[in-house]
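Here's a quick look at strand pairing and charged contacts.

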Amino acid sequence: MKLTTVKVLDVFQMNGYYYVKPENGSYEMIYRAAQGVYWDNDKYCLYFKGITTRENALRFITDAMKNEYGIALIFD
């Protein structure tokens with residue numbers, strides 16, 4: 001399966017959770033990937049809802065996007 005790519009504009013931590021801001025798109029259904037990843041409508045960001053390392057949170061978010069939407073996130 002060929003993946004679509006989406007550039008990540010920002011990665012930040014807020015309230016103990018790691019957030020990823022994609023360049024475009026809206027991913028409200030990401031929770032269906034069942035990996036603890038959710039969409040924040042106010043910030044237009046994906047976030048991992050749990051306490052973990054930055055590395056693990058980004059991996060969970062990346063895997064969820066790949067599995068649910070067929071999208072590869074590109075981090076610069």
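How many salt bridges does the count come to by the rule used here? The count comes to three, where a salt bridge is a side-chain nitrogen of Lys or Arg within 4 Å of a carboxyl oxygen of Asp or Glu.

## Ground rules

This is a predicted model, so to speak with cut-offs attached: local features need pLDDT of at least 70, side-chain atom pairs count only at pLDDT 80 or more, and totals for chains, interfaces and linings use all residues. Residues are numbered from 1 along each chain as its sequence is written, and side-chain values use heavy atoms, with hydrogens and water left out.

## Strands around β1

Helices (H or I, at least four residues) and strands (E, at least two) are DSSP runs, numbered from the N terminus. Two strands pair if DSSP finds at least two bridges between them. Strand β1 covers residues 4-14 and pairs with β5 (residues 71-74) in the parallel sense, over four bridges. Within that pairing, Val6 has Leu73 of β5 as its bridge partner.

β1 also runs antiparallel to β2 (residues 17-22), with six bridges joining them. Here Val11 stands opposite Val20 in β2. The hairpin of β1 and β2 has two residues between the strands, and Asn15 takes a positive phi near 55 degrees there.

As a reminder, side chains of opposite charge can pair when their charged atoms come close. Lys7 and Asp76 do this with an N to O distance of 3.4 Å. That pair links distant parts of the chain, with Lys7 in strand β1 and Asp76 in the segment after β5, 69 residues apart. For accessibility, buried means under 20% relative accessible area, exposed over 50%, and partly exposed in between (1.4 Å probe, protein chains only). Lys7 is partly exposed because its relative accessible area is 35%, while Asp76 counts as exposed at 79%.

Arg32 and Glu68 form another salt bridge, their closest N and O atoms being 2.8 Å apart. This pair also links distant parts of the chain: Arg32 sits in the loop between β2 and β3 (37-40), Glu68 in helix α1 (residues 54-69), and they are 36 residues apart. Both ends are partly exposed, Arg32 at 49% and Glu68 at 23%.

Lys43 counts as partly exposed, at 28% relative accessibility.
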